[in-house]
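Me: I'm new to this one and would like a close look at a single part. Could you take me through the biggest enclosed space inside it, and then what lies around there?

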Amino acid sequence: PVYPATLVINETKKEVVTNKSGYYKLVLNPGVYTLSVSSLGSYSKNFNLSVTANGTHNIFLETKPIALDEVIISSNQNENVKDLKMGFEKIDIKNIKNLPSILGEKDVIKVALLLPGVQTVGELSSGFNVRGSPADQNIFYLNNLPVYNPSHVFGLFTSFNSDAIKEFRFYKSNIPIEYGGHLSSIFEIDTKTGNKKHFSSRGGIGLTSGQMLIEGPFQKEKSSYLISVRSSYSDWILGLVKNLDIKNSSISFYDGLMNFSFNLDNKNNLDFFLYGSNDNSDLTFGINNKYSNLGATLNWTHIFNKKLKSEFNLIKSYYSYYEENNEIENIGFKHSFDLNHNEFKLKFKYNLNSLNMIYFGLNTKYYKLNFGEYLPANEFSHVKPINFESEQAISNSVFLGDKLDLFTNFSLEGAVRVTNYSYLGPKTVYLYEKNEPRIIKNINDSVKYNKNDIISNNLDFDFRFSTKYELNRTSSIKFSFNRLHQYIFMLSNTVTISPVNNWKLSDSNLKPMIGDQYSLGLYKNITRNKIETSVEIYYKDVQNLVEYKDGANFNANKVPESNIIQGTLNAYGIELMIKKKTGKLNGWVNYTYSKSEVLAMDINTGEMNNFGLKYAANYDRPNTANLVLNYRISKRFSISSNVVYATGRPITYPTSIYYIHDIQIVDFSKRNEYRIPDYFRIDLAFNFEGNLKKNKFAHSSWTIGFYNLTSRRNPYSVIFRNSNGIIKGYSVSILGSVIPSITYNLKLGNYED
């Protein structure tokens, strides 16, 4: 929108000014007029106007360049202080494109790992942990599409092309009430909608992949398309490795998206979005993996009037994987899995007045999980075939919220979400001996349910409450409380999240997880809002946490609840953040102290982990610190750097060996009693822009990066080998040396476009 723009009828001297949305209205008698339009920073325009009836005319002004050293434009001054949001980050993709990354791949997820309260177990992991919670309590939304595996190459790269992304928003507390079903965080990613004025194209070539994006109008100023594709060609890198197992392996991936946007009229907008990604790895030592995401969304936005707005979403998401494992021939197996997520959502936003906004809506999700078959992978395998039953569930929700500004410096928001979750047949449900451990030998009966029979039903209430008090124009105090329920979780007995981990629905034997989080924060802007500072403390309590029993194997088990103990999680911490958003030197520095403890014990069955004692969660890393800096030496040259530190994650060590009748027994420490060494990494990147002349046919840029500049061998894990009664420990590093990269980017048009 151009605001303010002045429109003058030269014959009558009648004058109007556009509002903040760029709208204007002129009332004229039929006739012929001359219309002059002007606005600061734009070239003026004159029109010959013939008025015969009511109508709409949209005017487009060309930007008039003004030679200035620097201009700082803030759309929402003191937004971090004045807004009710807590534990929230919104980052424009332009601000992260210069940051160093692995092999030059720009990665919004890796940027999230540089934010306070966010951690990962290492480079080769597709999940991350937020405020001391397991990775399956996070969810990614790409244009409202839930993406269940947002990574390529087992977490080394993201599955989203950064050229197509506009911005991402990250919620780790005070999660919007329209979202339900995940306890820890919401990761919203918005793609660009396509250029409605003219055709544009851009692309890039790196060491491991290339990408291309095209966009343009179907009908100028009315509708647009955006198509983005990316594909890898990374096998040549594996060929440089001396290890034959790696040298002869193959890894590839691709992803793509299409976004179509239609302005039907001034009150209706329609968006249609398609997304797909695929990975294929064939490792010489006998492991083959294939996994993919597919999805589509249809979004219709309708404006009833100045006060009431609605948004309707239809969503289809599909995730699948196939694994074939011949690493050990006689136990070789193959297995497939797929998850179907179907959803519709309708939400309304009503501005009662300038101080009070009400929002409400409804939401339905349908899940279907197909666990496939567990089969022998070769003729020598002793694996017995298993045919798994599928499972399905439906959740129906309604939500209502109210945001109220009581005084000029005091605001509050409250919301409630009511969900009815039903676990449906067909399914065989196993019954266990009362007050006995839930293991296979204690199954005393089973009940077989027919298709769409309701096996279990839950009526749950989620709550949100937040309040903000402004101490002055540049500082405020905020408090929030969340209660959420989660009905789908991941089955994994490893500390790292893998694409081949199964998902599982809550059923009659496994209760939904319940999470409560309390947050308190102080926010302060200094040096004329150029620097934002914040301190947040939080406490989180999770009930019915899904913890695996020692030795659990989910691949070959038709009764997954026999491998699970549902316990509690307590997490708390403090996060400090300093961010400089403007100037030649910008970036942020943060520090987080946190603790995350698990108690896995069922008092009814007597089952427990760690002798019924609390233990550090697998993802507990008490101290983390991140420094992100970007220094623009000139308009064409900048330097960026990341510095990352984190306490080593917990691990269980073997502590002694003893013998019973000459049989060697290895004794282990308490669960997660020790830690692997701390993590430290420095990254560096140099960014070179082409010349910035106007009206160029194309603009190019180069990025030269160094990931892990100091070649530090950060331990990913520690493994132990027993050799003749002597146990030796070995540290395993994924990236033990500096990883250089060079990326070339080319786009049609000027730099500023």
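Reply: First, a term we'll need: helices (H or I, at least four residues) and strands (E, at least two) are DSSP runs, numbered from the N terminus. Also keep in mind that this is a predicted model.

Now to the cavity. Searching the whole structure turns up 9 cavities of 30 Å³ or more, and the largest cavity has a volume of about 500 Å³. Rolling a probe the size of a water molecule over the atoms is what shows where empty space is left.

Who lines the largest cavity? The lining takes in 40 residues, and K110, L113, T120, R681 and Y707 are the ones that lie nearest its centre. Several elements each supply at least two residues of that lining: α2 (108–112), β6 (118–119), β11 (157–158), β38 (623–632), β39 (637–646) and β44 (679–689). The largest share comes from β39, with 4 residues.

The loop between β11 and β12 (165–171) holds S162. With a relative accessible area of 8%, S162 counts as buried, because the cut-off is under 20%. Leaving out residues up to four places away in sequence, S162 touches I93, K97 and K106.

At the other end of that loop is β12, and β12 belongs to an open sheet of 5 strands, in the order β5-β12-β13-β8-β9, with mixed pairing. The edge strands are β5 (88–92) and β9 (145–147), each pairing on one side only. From one strand to the next, the twist averages 20°. In general, strands of a sheet pair through backbone hydrogen bonds, either parallel or antiparallel. Here, β8 (residues 138–142) and β9 pair in the antiparallel sense, over 3 bridges. Within that pair, L142 stands opposite L145 in β9.

One more residue is worth a visit: Q211, which sits in strand β15 (residues 209–219). Is Q211 buried or exposed? Its relative accessible area is 16%, so Q211 is buried. Not counting residues up to four places away in sequence, Q211 touches N161, D163, R202, G203, G204, V229, R230 and N745.

Notes. Residues are numbered from 1 along each chain as its sequence is written. This is a predicted model: local features need pLDDT of at least 70, side-chain atom pairs count only at pLDDT 80 or more; totals for chains, interfaces and linings use all residues. Side-chain values use heavy atoms; hydrogens and water are left out. Two strands pair if DSSP finds at least two bridges between them. Axes are lines fitted to C-alpha atoms, for helices over the stretch in contact, and angles run from 0 to 180 degrees between N-to-C directions. Buried means under 20% relative accessible area, exposed over 50%, partly exposed in between (1.4 Å probe, protein chains only). Contact means heavy atoms within 4.5 Å. On a 1 Å grid over the protein atoms alone, a cavity is a set of points where a 1.4 Å probe fits but cannot get out, and a pocket is an open set with protein on both sides within 12 Å along at least five of seven lines; lining residues have an atom within 4 Å of a point. Grid points are joined across faces, edges and corners, and a volume is the space filled by probe spheres set on the points.
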